[in-house]
Amino acid sequence: MAPLASLELLPQALPFASQPKPTSHSHRVRTFVRCRHTHHPNEAETSSNPSKIGAFAETRPTHVQSPDSRDSHLIKLLGRSCKAGKYSESLYFLERMVNRGYKPDVILCTKLIKGLFGLRNFEKAVRVMEILEKYGEPDVFSYNAVISGFCKANRIESANRVLQRMRSRGFSPDVVTHNIMIGSLCGRGKLDLALKVLDQLLKDNCLPTVITFTILIEATVMEGGLDEALKLLHEMLSRGLRPDMYTYNAIIRGLCREGLVDRALEFIKSSNSRGCKPDVISYNILLRALLNQGKWDDGEKLVEEMMAEGCEPNVVTYSIFISSLCRDGKIEDAMSVLEVMIENGLTPDAYSYDPLITAFCKDGKLDKAIKFLDQMISNGCLPDIVNYNTILATLCKNGKRDQALEIFAELDEVGCSPNVSSYNTMFSALWSSGDRYRALEMISEMVSKGIDPDYITYNSLLSCLCRDGMVKEALSLLVDMERSGFNPTVISYNIVLLGLSKVHRIDDAIELLAVMVEKGIRPNETTFILLIEGISFAGWRAEAMELANSLTAIDAISKDSHKRLKRTFPMLGAYKELSYMETK
């Protein structure tokens with residue numbers, strides 16, 4: 001059978017003569033090819049992590065075909081490979097089995113689909129679904145596995161096509177199907193589309209669950225829509241659904257984010273009266289908010305209340321205190337909290353140590369930071385890449401490039417692979433020290449390892465190119481950014497505008513500004529100041545001052561910036577005259 005077009009499960013790509021209708025989950029005699037595990041977990045939505053919705057096939061009675069002796073070995077191989085998680089190998093045996101006339105088991109195929117998606121082998125995952133549709137009987141759970149796999153891979157359009165195909169074959173999406181779509185859309189900032197899926201869920205006569213509303217409430221809070229989140233909570237209650245602490249914590253987080261800590265405290269008390277006791281996460285959210293506002297006494301009082309309620313502080317609780325103390329420059333107090341934490345039988349994690357390492361680096365105590373990193377390892381806590389990146393950045397900032405390179409080279413050996421931030425740091429350090437070739441090698445190595453560049457990567461490269469007068473290459477990089485799916489930001493354009501101004505290409509700078517505006521990117525104060533300084537440095541001081549006056553009049557640049565420019569212009573003129581004399 002030909003593979004699916006673009007692996008999107010398009011209906012026309014599977015021209016079967018008949019389309020099996022949804023099967024009931026009652027006892028029925030079927031021929032199965034099965035792994036050794038006959039049990040399959042029930043379709044369930046747990047409240048342990050509402051943002052991660054998965055699809056699971058339900059347990060149902062089956063009848064296994066008695067194989068001929070010549071085929072028993074093949075069946076055993078299929079079972080063993082499936083049990084060992086060797087899903088590509090399982091697919092090979094599955095294809096051989098169906099070619100011998102065996103009917104594929106929907107539970108086995110669902111497991112294979114999930115496993116292959118987990119390996120990001122989308123083509124093979126879709127191939128399993130093809131086999132199931134052609135030779136077996138797919139169900140809602142198998143379609144959910146495909147939809148979930150595409151959603152996790154950020155291929156929403158593919159997931160939508162599977163959903164359409166599912167409907168076209170007579171299967172009605174269940175609440176899990178809709179929750180998968182809602183969770184995926186919310187996770188990608190597409191709340192408006194997620195709410196439309198909720199509307200479709202209701203049209204499909206599905207009943208939304210606590211998880212459905214919790215996902216939407218969390219996403220609404222993230223977008224700053226606290227009032228809308230409270231409306232969703234009210235709707236949830238009106239439907240007879242009982243929120244859990246994940247739901248309430250999402251609201252508490254939203255209230256604290258808006259600075260409404262007192263209201264959050266009241267909300268916790270009201271949740272307690274509704275039979276939903278606050279957990280350590282609830283208290284930690286409030287504690288962080290109080291300490292961010294400098295309310296140390298209230299924070300300590302909250303912890304006392306928390307313990308009186310039988311809720312013990314955890315590693316995160318202590319880490320919040322450590323982070324807040326380090327932020328306020330109270331490093332010794334933060335060290336004392338760390339000691340108390342260990343005395344109370346808790347093991348600090350990387351997030352507990354990171355504020356201290358950062359504080360040492362900020363104070364210029366680099367040796368102490370590195371020593372503390374070693375102490376962290378001896379205490380049984382492996383540093384994460386954030387800890388190492390803090391050390392690398394400080395070493396590079398202090399001109400200790402070689403020492404940074406030594407640590408960077410050992411990251412893989414200590415089980416902490418560098419991330420894009422690590423490479424960005426080393427790239428900038430190498431370029432700044434004049435080692436352009438090695439800097440570019442860093443970028444090449446990063447890409448070869450499958451680590452995607454981010455905006456900082458591109459902007460760092462733009463800055464380095466412009467700083468060295470390589471403006472032509474910087475302009476080309478702006479184009480490459482767009483082709484790679486990174487739309488240049490105002491920061492990206494400002495970097496290149498500065499580069500063009502430095503080499504007196506004012507006409508090109510003005511043209512770039514026009515392109516920037518045409519693409520819908522609004523210039524900021526820095527953009528205009530760079531242009532004014534560039535025009536002035538090119539010798540058109542009167543025109544630059546006139547532009548500055550006009551922009552100040554419309555509040556495009558501040559009065560303080562205007563005053564600074566007036567002081568700067570004579571200096572630019574003197575510098576220009578000095579440069580002219582030196583050339584003679």
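Mentor: Helices here are DSSP runs of H or I with at least four residues, strands are E runs of at least two, and both are numbered from the N terminus. This is a predicted model, so local features need pLDDT of at least 70 and side-chain atom pairs count only at pLDDT 80 or more, while totals for chains, interfaces and linings use all residues. Residues are numbered from 1 along each chain as its sequence is written, and side-chain values use heavy atoms, with hydrogens and water left out.

Trainee: Is Asn 249 buried or exposed?
Mentor: Asn 249 is buried, because its relative accessible area is 3%. Buried means under 20%, exposed means over 50%, and partly exposed is in between, using a 1.4 Å probe and protein chains only.

Trainee: Which side chains does the side chain of Asn 249 make a polar contact with?
Mentor: One is Asp 279, at 3.3 Å, and another is Ser 282, at 2.6 Å. A polar contact is a pair of N or O atoms within 3.5 Å; within protein, one must be able to donate a hydrogen and the other to accept it, and residues adjacent in sequence count only if both atoms are side-chain atoms.

Trainee: And what does Asn 249 touch, not counting residues up to four places away?
Mentor: Asp 279, Ile 281, Ser 282 and Ile 285. Contact means heavy atoms within 4.5 Å.

Trainee: Okay, what about Ser 319, where is that?
Mentor: Ser 319 is in helix 15, residues 315–327. Ser 319 counts as buried because its relative accessibility is 9%. Its side chain has a polar contact of 2.7 Å with the side chain of Ser 352. Leaving out residues up to four places away in sequence, Ser 319 touches Asp 349, Tyr 351 and Ser 352.

Trainee: Switching topic: where does Lys 400 sit?
Mentor: In the loop between helix 19 (385–397) and helix 20 (401–409). Lys 400 has 36% relative accessibility, so it counts as partly exposed. Beyond its neighbours within four places in sequence, Lys 400 is in contact with Leu 366 and Leu 395.

Trainee: And how about Leu 78, buried or exposed?
Mentor: Leu 78 is buried, because its relative accessible area is 0%. Leu 78 lies in helix 1, residues 69–83. The C-alpha atoms of Leu 78 and Ser 90 are separated by 5.5 Å, though the two are 12 residues apart along the chain.

Trainee: Zooming out, how many helices and strands are there in the protein?
Mentor: There are 29 helices and 0 strands. Of the 584 residues, 48% count as buried. Among contacts between residues at least 6 apart in sequence, 64% join residues at least 24 apart.

Trainee: Last one: which residues line the largest cavity?
Mentor: Val 221, Gly 224, Gly 225, Leu 226, Gly 254, Arg 257 and Glu 258. On a 1 Å grid over the protein atoms alone, a cavity is a set of points where a 1.4 Å probe fits but cannot get out, and lining residues have an atom within 4 Å of a point. The largest cavity has a volume of about 30 Å³, where volume is the space filled by probe spheres set on the points, which are joined across faces, edges and corners.

Note on methods. On a 1 Å grid over the protein atoms alone, a cavity is a set of points where a 1.4 Å probe fits but cannot get out, and a pocket is an open set with protein on both sides within 12 Å along at least five of seven lines; lining residues have an atom within 4 Å of a point.
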